[in-house]
Amino acid sequence: MNIVTVVGNPRTGSRTLAAAVAATEAVAARLGQDCQRDVVDLSALGPALLDTRAHAGLEVALELVRGAHLAVIASPTYKATYTGLLKAFLDRLPPGALAGRTALPVLVMGDPRHALAVEVHFRPLLLELGASVPTPGLALLESDLPGGPALEAWADLVVPQIPLGEEALR
């Protein structure tokens, strides 16, 4: 199984990146399979996302997402939703690009009042791309980073919802 972690924080080396990798590791450990893991840190691709010219790094990142069996897609919470950087990247994917794939949304937030954003705003975006999105999405408070018990409990809930076997590997 191939897992790609996509991080939509515009800052290199962000806490969102650390949380996303921790979420990926927690999920991979529970899957009980040998999982290849790739990370797409969008902070390095920001300028390419708005450029109409081809960029090799961006094309590789898009191909990693299209080819993943499972995508952990993370963002800090900006204006009560995900970042524009992440949206610009996901807008580069064609309709249905994640059909037959599982996507796990992760939002990092400073205030617990934004906890519903992962379900109300982020989940529909991934569904629109055709992904299967187990519930609940992961809403992590900055004070709980990189994840701890909240992340572990979330992984316990979502991993049984991830399809395995032949249909997951196509």
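User: Which residue in β5 is the bridge partner of V106?
Analyst: This is a predicted model. Strand β4 covers residues 102-109, and β4 pairs with β5 in the parallel sense over 4 bridges. In β5, the partner of V106 is L138.

User: Through which helix does the chain cross from β4 to β5?
Analyst: The path from β4 to β5 is a β-α-β crossover, and the crossover is right-handed. The helix on the way spans residues 117-128. That helix is α5.

User: Which side chains of β5 point to one face and are buried?
Analyst: Strand β5 runs over residues 138-141, and its side chains alternate.

User: Which residue is linked with R30 and D156 in a network of salt bridges?
Analyst: R30 is partly exposed at 29% relative accessible area. D156 is partly exposed too, at 47%. Linked with R30 and D156 in the network is E152.

User: Is D51 buried or exposed?
Analyst: D51 forms a salt bridge with R53, with the closest N and O atoms 2.7 Å apart. R53 counts as exposed at 58% relative accessibility. D51 has a relative accessible area of 18%, and buried means under 20%, so D51 is buried.

Technical notes: Residues numbered from 1 in each chain as written. Predicted model: local features only at pLDDT ≥ 70, side-chain atom pairs only at ≥ 80, totals over all residues. Heavy atoms only, no water. Buried < 20%, exposed > 50% of the residue type's maximum accessible area, 1.4 Å probe, protein only. Helix = DSSP H or I, 4+ residues; strand = E, 2+ residues; numbered from the N terminus. Pairing = 2+ DSSP bridges. Right-handed = clockwise from strand over helix to strand, strands pointing away. Salt bridge = Lys/Arg side-chain N within 4 Å of Asp/Glu carboxyl O.
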